[in-house]
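Please look over the structure shown here with its salt bridges and helix packing in mind. The briefing that follows takes these topics in turn.

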Amino acid sequence: MSAAQKPLKFAWLEVTGFCNESCDHCYADSSPQGTHGDMTVPDWKSVIEQLATMGASDVQFIGGEPTLYPQLPELIAHAHRAGLSIEVFSNMTYIRDEMWEAFTQHAVKLATSYYSDNAQDHDAVTNLRGSHRRTRQNIEKALGLGLRLRGGVVSVNANQRVHGAARDLAALGVQHVGGDRTRAFGRASKGAAPTVDDLCGHCALGQCAIGPDGSVWPCVLGRFITLGNVHDSPLAEIWNGNRTAEARSEIAAAHDLKPAESCTPPQFLPSCGPCGPCVPSVGNCDPREAELAGTTIGASA
């Protein structure tokens, strides 16, 4: 492995752009109008096998809403057989019995977004009436089944009860609660062009994302930076290629990053570095704002 190459340890597998929610801040532009893309089940299985061969240890199925992808249980089983640790990032509003069985049988970890302890506030973010009630009920069910679950609280609206959301998750028994600010990607950008400045800066250092059309990105937020496509090239060739090395350099130059090992506060996404999830009182997971760790998200308690 050359100095420019790095081991690939984690991948987001964005199996669908379809979602039953329509959050105004969605970085992926997911919605009920989204599609599953043109990646077939054999395509996804091939990607999973390639990741295992490359030495990856973890995958996260994401969307859109990944539980609405019909073959997700099949892909979970395949990833488990390949020896990968699995997390599913879901809005937890609709989980069918087959999905619960896959979660429990294959020791799947779960992650979810939770916007407020107030149902009306939460539903105002998701634009789906009843989403708070269903998400909360399924969080309770997941924990009751002994599944590991972490929560993420993203600050979207000025009067959003983010600290109330974190306390509510803790009261339910969620042990890991992360926080972040809204980042200007997808619908959250309100039409502005995305830039590397709004990434956390650790993209493609040991992780990548693969989209429903086979595109490979340095992370799920950095989908405006295409490294290649698994329809056209093996994942290892893309990961170790010149375009990926160029993207790393571009991102690092924009951020003037400290080493990930010394990043404080710890990053919200577990794939972004060696740290654990941060808490909403930190404000966000931007390494450039480490010195501001004492600040809050600026929302009502």
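**Salt bridges and helix packing**

Glu98 forms a salt bridge with Arg96, with the closest N and O atoms 3.4 Å apart; a salt bridge here is a side-chain nitrogen of Lys or Arg within 4 Å of a carboxyl oxygen of Asp or Glu. This is a predicted model, in which local features need pLDDT of at least 70 and side-chain atom pairs count only at pLDDT 80 or more, while totals for chains, interfaces and linings use all residues. Residues are numbered from 1 along each chain as its sequence is written, and side-chain values use heavy atoms, leaving out hydrogens and water.

**Salt bridges**
- Glu98 is partly exposed at 43% relative accessibility, and Arg96 is partly exposed at 22% (buried means under 20% relative accessible area, exposed over 50%, partly exposed in between, with a 1.4 Å probe and protein chains only).
- Salt bridges that share partners join Arg136, Glu140 and Asp168 into one network.
- Arg223 forms a salt bridge with Glu14, the closest N and O atoms being 2.6 Å apart, and Glu14 counts as buried at 3% relative accessibility.
- Lys45 pairs with Glu74 in a salt bridge whose closest N and O atoms are 2.7 Å apart, and Glu74 is partly exposed, with a relative accessible area of 35%.

- The buried residues of H2 are Leu72, Pro73, Leu75, Ile76, Ala77, His78 and Ala79.

Methods
Helices (H or I, at least four residues) and strands (E, at least two) are DSSP runs, numbered from the N terminus.
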